[in-house]
Amino acid sequence: MIKRIDATEEAIELIKNLKEKHGDLMFYQAGGCCEGSQPQCFEKGGFYQRMGDVCIGTIEETEFWVDKDLFEYWQHAHFTLKVIDAFGVGGFSLETPLKKTFQIEYRIFTPEEELNLEPVKYIE
């Protein structure tokens, strides 16, 4: 099965550090308002998903949720979670005090990959 999301080593290390400090985590990526389309990292349960939102996979046992409308647009793309040295747009994400920001790089799945994608999970 082809994963819909992966992460760079630097992003994985930051997730591990955040988990040591905050416990279980979750990611949520929306498509508007103050956070733009930047992924946000919260303590697990610290953000309430909406009906229809989509979990596209996990990184270090941390679920990565995407706004249902954003998923509709990006459902044919692979997400790579990375981290940069910068102050994020919204400032609500747990990495913000460390002067780090999670970002996503996208690439379109090949036709062959599309045939073997990991299933997603929806909020119903």
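# Exercises on a predicted model

Among contacts in the protein between residues at least 6 apart in sequence, 64% join residues at least 24 apart. The exercises below concern a predicted model.

## Exercise 1. Overall composition and dimensions

Determine which secondary structure elements the protein has, in what pattern they follow along the sequence, and how its radius of gyration relates to the globule rule.

Solution. 

Step 1. The protein has three helices and eight strands.

Step 2. Read along the sequence, these elements follow the pattern β-α-β-β-β-β-α-β-β-α-β.

Step 3. The radius of gyration is 14 Å, close to the 14 Å that the globule rule gives for 124 residues, so the protein is as compact as a globular protein of that length.

Step 4. The C-alpha trace spans about 40 × 30 × 25 Å along its principal axes. Of the 124 residues, 39% count as buried.

## Exercise 2. The five-stranded sheet

State the strand order of the open sheet of five strands, and explain why one side of strand E3 and of strand E8 is left without a neighbour in the sheet.

Solution. 

Step 1. The order is E3-E2-E5-E4-E8, and the pairing is mixed.

Step 2. Strand E3 (39–43) and strand E8 (121–122) stand at the edges, and each has a single partner strand, so one side of each lacks a neighbour in the sheet.

Step 3. Strands of a sheet pair through backbone hydrogen bonds, either parallel or antiparallel. E2 and E3 pair in the antiparallel sense over five bridges. Within this pairing, Met26 has Phe42 in E3 as its bridge partner.

Step 4. Strand E4 (residues 54–59) and strand E5 (residues 62–66) also run antiparallel, joined by five bridges. Here Trp65 in E5 is the bridge partner of Cys55.

Step 5. Helix H1 (residues 9–22) lies across strand E2 (25–29), E3, E4 and E5, and runs at about 125° to E2. As for burial, four of the five residues of E3 are buried, which leaves this strand mostly covered.

## Exercise 3. A residue of helix H1

Identify which residues are in contact with Glu10 when its neighbours within four places in sequence are left aside, and decide whether Glu10 is buried, partly exposed or exposed.

Solution. 

Step 1. Glu10 is found in helix H1.

Step 2. With its neighbours within four places in sequence left aside, Glu10 is in contact with Val83 and Lys100.

Step 3. Glu10 has 42% relative accessibility and therefore counts as partly exposed.

Step 4. For a distance across the chain, consider Glu61, which is 51 residues from Glu10 along the sequence; their C-alpha atoms are separated by 16 Å.

## Exercise 4. Cysteines

Solution. 

Step 1. A disulfide requires two cysteine sulfur atoms within 2.5 Å.

Step 2. Cys41 is in no disulfide, and the nearest cysteine sulfur, that of Cys55, is 14 Å away. Cys55 is likewise in no disulfide, its nearest cysteine sulfur being that of Cys41, 14 Å away.

Step 3. Residues under 20% relative accessible area count as buried.

## Exercise 5. Aromatic pairs

Count the aromatic pairs, and classify the pair of Phe42 and Phe47 and that of Phe79 and Tyr106 as stacked or edge-to-face.

Solution. 

Step 1. The count comes to eight aromatic pairs.

Step 2. Planes under 30 degrees apart count as stacked, and those over 60 as edge-to-face. The rings of Phe42 and Phe47 have their centres 5.2 Å apart and their planes at 15°, so this pair is stacked. Phe42 is buried, with a relative accessible area of 15%, whereas Phe47 counts as partly exposed at 26% relative accessibility.

Step 3. For Phe79 and Tyr106, the ring centres are 4.9 Å apart and the planes are at 75°, so the pair is edge-to-face. Phe79 lies in strand E6 (residues 77–85) and Tyr106 in strand E7 (residues 100–108), so the pair ties together parts that are 27 residues apart in sequence.

Step 4. Phe79 counts as buried at 1% relative accessibility, whereas Tyr106, at 29% relative accessibility, counts as partly exposed.

Step 5. Ring pairs link Phe79 and Tyr106 into a cluster with Phe27, Phe64, Tyr73, Trp74 and Phe102.

Methods. Residues numbered from 1 in each chain as written. Predicted model: local features only at pLDDT ≥ 70, side-chain atom pairs only at ≥ 80, totals over all residues. Heavy atoms only, no water. Pairing = 2+ DSSP bridges. Helix = DSSP H or I, 4+ residues; strand = E, 2+ residues; numbered from the N terminus. Contact = heavy atoms within 4.5 Å. Axes fitted to C-alpha atoms, helices over the stretch in contact; angles between N-to-C directions. Phe/Tyr/Trp six-rings, centres within 6.5 Å; stacked < 30°, edge-to-face > 60°. Buried < 20%, exposed > 50% of the residue type's maximum accessible area, 1.4 Å probe, protein only. Rg over C-alpha atoms; globule rule 2.2 N^0.38 Å.
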